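This report looks at how parts of one protein model pack and pair. Please keep the sequence and the structure in view while reading.

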Amino acid sequence: MNSLVSIIVPVYNVENFLEECINSIRKQTYRNIEIILVNDGSTDSSGLICHKHEQFDQRIKVIDKQNGGLSSARNMGIEAASGEILSFIDSDDFIEKNMIELLVTNLLGVDADISCCNYDVYNESSRYVSLHFSPVVEKQIYSSEESVNLLLREDYFKCYAWNKVYKKKLFDSIRYPEGRLFEDIITSYYLLKKSDRIVFINLPLYHYRERTNSITKSKFNEKKYDILQSIDSILLENKNNKEIILGCIVYYLYFIDDMILACYWDENVYRKFRRIVKVNMEEVKRSCIYNMKRKGQILLCVYFPNVYRFLYRIAKCSINRG
């Protein structure tokens, strides 16, 4: 097992977290790696930090480019990668020292195309916050169809680019869409569709940092609609796949929750959500994908939207005060 792994790290204005990220990659027990740091037009000291590490570790390659966004940086890293296997690490996160070794071992051991692990959440001070729950006991192998059905589930390997390694051949005809937010969703969907086998281990080897100014935590704006563009594309290709439809419903609810917190309301989005739920009402009620709390939220939002909006604001305000 000595395949070269190219680890691609898009970097943009993360000077407070970048050292921890790079060091966690440099200390990997799997040694045959190249580390591609794509400095996406940083205006802080991130670029200097990248080049400092480049001087001390010959496995590091720094690419400086004009700011083009996360997808642009990832795509440039893919083009520059020499490895047969790719991995993406966000530059404000960090990983366990054996993450690459375990994921590559599983990838090659079962001849999978994608190997995934679980993750946990840390705050901006590198303090542990929570573990992402997954019902998988230890390790599970999925077919392409099974993994696509699980992609939008809240409790499996998720649609993020990170917490995974990929055979590079998957990217022969796939790139991350540039100029869009939430680009992981649609790209992960196509990568899973193209794969024959996916392996997942329920170990939190990836440490995701939750930041108050991150894309997912930013205030509501027009770019948030990018998530619905991805979800609608998946819906269009899976009109009769109830598992995927149930997953898409949850993402519509996420979007509605964002609108509520922003004191913004798009009636067209709400009507589409309500229509999808009503057409699939029996599946929603019987589904084992949703727990009772999630079912209650969906049904309350469909039948009593004003009550849902009021209660959701109250609940969020209570959490913030706490």
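## Packing of H8 and H11

Helix H8 (residues 242–261) packs with helix H11 (residues 292–303) at an angle of about 65°, and their axes are 11 Å apart. H8 is therefore roughly perpendicular to H11, a label for angles of 65 to 115 degrees. The crossing of H8 and H11 is left-handed, meaning that the near helix is turned anticlockwise from the far one by less than a right angle. Helices here are DSSP runs of H or I with at least four residues, numbered from the N terminus. Axes are lines fitted to C-alpha atoms over the stretch in contact, and angles run from 0 to 180 degrees between N-to-C directions.

On the H8 side, Ile249, Val250, Leu253, Tyr254 and Ile256 meet Arg294, Gln297, Ile298 and Cys301 of H11; contact means heavy atoms within 4.5 Å. By class, this contact of H8 with H11 has seven nonpolar, one polar and one charged residues. Ala, Val, Leu, Ile, Met, Phe, Trp, Tyr, Cys and Pro count as nonpolar, Asp, Glu, Lys and Arg as charged, and the others, Gly among them, as polar.

## Basis of the model

The model is predicted: local features need pLDDT of at least 70, side-chain atom pairs count only at pLDDT 80 or more, and totals for chains, interfaces and linings use all residues. Residues are numbered from 1 along each chain as its sequence is written, and side-chain values use heavy atoms, with hydrogens and water left out.

## Salt bridges between helices

The structure holds 17 salt bridges (a side-chain nitrogen of Lys or Arg within 4 Å of a carboxyl oxygen of Asp or Glu). In one of them, the side chains of Glu237 and Lys193 meet at 3.3 Å, N to O. Glu237 lies in helix H7 (residues 226–237) and Lys193 in helix H6 (residues 183–194), so this pair ties together parts that are 44 residues apart in sequence.

Asp232 forms a salt bridge with Lys272, with the closest N and O atoms 3.2 Å apart. Because Asp232 lies in H7 and Lys272 in helix H9 (residues 267–279), the pair ties together parts that are 40 residues apart in sequence. Asp232 is partly exposed at 25% relative accessible area, and Lys272 is partly exposed at 26%. Partly exposed lies between buried (under 20%) and exposed (over 50%), using a 1.4 Å probe and protein chains only.

Arg271 forms a salt bridge with Glu267, with the closest N and O atoms 3.6 Å apart. Both residues lie in H9, four residues apart, about one turn of the helix.

Arg74, Asp90, Glu183 and Asp184 are linked in a network of salt bridges.

Key
Helix = DSSP H or I, 4+ residues; strand = E, 2+ residues; numbered from the N terminus. Parallel < 35°, antiparallel > 145°, perpendicular 65-115°, else oblique.
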